[in-house]
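Please look through the structure shown below and follow the briefing beside it, moving from a single residue to strands, a helix and aromatic rings.

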Amino acid sequence: MDAFYRSLKQKGFEGDIDDSEATRQLYSHDASLFELVPQVVVRPKNAGDIEKLVLSVNECRGEIPHLSLTGRSAGTDMSGGAINDSVLVDFRRYFTKINSVSEHAAHTQPGVLYKDFEVETLKHHALMPTYPASRDLASVGGLVNNNSGGEKSLEYGKTQNFVRELKVVFSDGVERIVKPLNKDELDKKMKQKDFEGELYRKMFHLLDENYDLIKSAKPKVSKNSTGYYLWDVWNRETGVFDLTQVICGAQGTLGLVTDIRFSLVKARPHSGLLVLFLRDIDDLGELIPKVLSYKPATFESFDDQTLWLSIRFMPSFLKMLGLRRFLHLVFSLIPDGLQLLRGIPKLILMVEFNGETEGEVRQKIRDLHKELGSQRARYEINGFEEDPNEAASEKFWLMRRYSFQLLRSKVKDKHTAPFIDDFIVNPEYLTEFLPKLRLIIKKYKLFATIAGHMGDGNFHVIPLMKIEEPSERAKLEPAMKEVNALVLKYKGSLSAEHNDGMVRGPWLTQMYGPRVVDLFKQTKRIFDPSNIFNPHKKTDASWDFSLKHIREHF
Ligand SMILES: Cc1cc2nc3c(=O)[nH]c(=O)nc-3n(C[C@H](O)[C@H](O)[C@H](O)COP(=O)(O)OP(=O)(O)OC[C@H]3O[C@@H](n4cnc5c(N)ncnc54)[C@H](O)[C@@H]3O)c2cc1C
């Protein structure tokens, strides 16, 4: 790497360069089941540093053939997106400035943690509502590059809907603004005789010549994080051409994002939760549309395994909550003693309503409660809990948001193996789909927790496995293939939020077919002809490579 370091020095790189063994090991993991040890971790101080990194990589590629740059913010990616074997570019140390926030918009650097960003937006009664369950861990840069979604996505969709403008360092080593353009602006860009002009020209031709194929390739689900979102870039009817939409969710494979302008929504002052305890999942198909017709802000769920494991790891909740709230959690977690005797609920559903006043929220909850209550016996809903304020319902949010994090850190003999962790099928298919999914989980003897965004039909299945044992590893590919096939049979998407990375990148052709994947590959080549940005991910992923890098050290 000496040539690379020399080149950076010559160009006046101001950031940190750290190739110590401890740092390399620390950055060899994200929240996925893979590990890749980087050669060096760099922490650029400004956009100029990132331009220098790209220029140096281009310059040294002859001498160091596989030199590449992988962006990394908080490193909570579950697909292996934030690890690699060359240069990791860490945004968390210096790209942490929130430039401005108003009622409707925010301008920020990518390394800001979402939880810090939210403190500032709430001062203006505003929210960037697509935050993930990892809201306390993840950065806004990660949200953009994974096109994250979360509990409020039912109402607001995904992060791409809130990105107004980005600054991106492209593969020629120049930082540029990317924003929606009208046709005149696009024509002007396409006339430029530089890398940017060529990029716009080639992307426009690709999108225009394959317009119908691209539009019809858009997954028919409410959320999708797979592939490149070509269908959202060029709209002949409105004449808008918006490259931010293909950079969102690209996992840093098209360029490095240095600056973000978000639009915000008004934070609704009141919210309340209706919790349903389901002993049987058979009637979900009828229940879901009924709940959705009341237009809840969120509709989340977690299963009995999550409940048991959370009870098992109560001390960790104690740490998170403090003694008083912890005792409240212990006493209120289980619906009632009688229910325990009848058996733990199979599924816990959380339906949240927002509103301008507490009365409005209470009314919405009561209306739905009333409708479902009349069918209580039929649905075997044993208990309802009506929580008209957020503090009282915190226990359920804790279970839903923190269960995966707890499993990651607490189960010592087994490890979380997210490989079927994020599929989505439209809710109308769930009654047929879920029993079939359970059969696959049973067939491979996977001990798995299931939580998810019920309203979208998006499920997070997280098996706990002794992944270092060959017999356990051998289950990954066949189990994944069976689940993928089932998801695609029901016209779903392999990832709603967590993205492709190393785990789903290899199966893009199975999902989209070769013609569309070829368009994805052309896109990658237009942006990044020498493949310097985050190789082995998305269209450049192969299962052989991914399999060789399954995590061995915990
Ligand atoms: C407990 C837990 C729960 C989760 N729940 C959800 C959920 O509900 N919804 C959801 O969507 N995700 C979820 N995730 C996955 C992950 O937390 C999110 O995708 C999150 O937005 C990633 O943010 P990050 O800052 O950690 O990004 P990283 O992990 O650092 O990076 C994510 C991707 O973006 C790229 N990248 C990062 N910064 C840049 C940059 N500046 N320029 C270019 N590329 C960049 C990386 O290369 C990587 O491919 C969860 C993860 C955990 C551990």
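In this predicted model, Leu 181 counts as buried because its relative accessibility is 6%, and buried means under 20%. Leu 181 is found in the loop between strand S9 (175-178) and helix H7 (183-191). Although Leu 181 and Phe 241 are 60 residues apart in sequence, their C-alpha atoms are 5.2 Å apart in space. When its neighbours within four places in sequence are left aside, Leu 181 is in contact with Leu 186, Lys 189, Tyr 200, Gly 239, Val 240 and Phe 241.

**The protein as a whole**

- The protein has 554 residues, and buried residues make up 60% of them.
- Its secondary structure comprises 24 helices and 20 strands.
- Of the contacts between residues at least 6 apart in sequence, 74% join residues that are at least 24 apart.

- Strand S2 (residues 40-43) runs parallel to S4 and is joined to it by three bridges, and Val 40 stands opposite Val 87 in S4.
- Strand S3 (residues 69-72) likewise runs parallel to S4, with four bridges between them, and here Thr 70 stands opposite Leu 88 in S4.

**Helix H20**

- Helix H20 (residues 470-489) has 20 residues and reaches 30 Å from its first C-alpha to its last, which is close to the 28 Å expected at 1.5 Å a residue.
- The helix has a kink of about 25° at Leu 476, shortly before the proline Pro 478.
- Just after H20, Lys 491 takes a positive phi of about 55°.

**Residues with a positive phi**

- Most residues other than glycine have a negative phi, and the next two residues can be read against that background.
- His 125 is not a glycine, yet has a positive phi of about 55°, and this residue lies in the loop between helix H4 (114-122) and strand S7 (126-127).
- Is His 125 buried or exposed? His 125 counts as exposed because its relative accessibility is 58%, and the cut-off for exposed is over 50%.
- Gln 251, also a residue other than glycine, has a positive phi near 55°, and its place is in the loop between helix H10 (244-247) and S12.
- Gln 251 is buried, with a relative accessible area of 6%.

**Aromatic rings and charges**

- The structure holds 21 aromatic pairs, and one of them is formed by Trp 231 and Tyr 512, which are stacked at 5.9 Å centre to centre with 25° between the planes.
- This pair links distant parts of the chain, since Trp 231 lies in the loop between helix H9 (211-217) and strand S10 (234-235), whereas Tyr 512 lies in helix H22 (residues 508-512), 281 residues apart.
- Trp 231 and Tyr 512 are both buried.
- Phe 423, Tyr 429, Phe 433, Phe 459 and Tyr 490 are linked into a cluster by ring pairs.
- Lys 183 lies over the face of Phe 204, at 5.1 Å from the ring centre, and Lys 538 lies over the face of Tyr 228, at 5.5 Å from the ring centre.

Note on methods
Residues numbered from 1 in each chain as written. Predicted model: local features only at pLDDT ≥ 70, side-chain atom pairs only at ≥ 80, totals over all residues. Heavy atoms only, no water. Phe/Tyr/Trp six-rings, centres within 6.5 Å; stacked < 30°, edge-to-face > 60°. Helix = DSSP H or I, 4+ residues; strand = E, 2+ residues; numbered from the N terminus. Buried < 20%, exposed > 50% of the residue type's maximum accessible area, 1.4 Å probe, protein only. Lys NZ or Arg CZ within 6 Å of the ring centre and 35° of its normal. Expected span 1.5 Å × (residues − 1). Bend = angle between axes of the 7 residues up to and from the residue. Pairing = 2+ DSSP bridges. Contact = heavy atoms within 4.5 Å.
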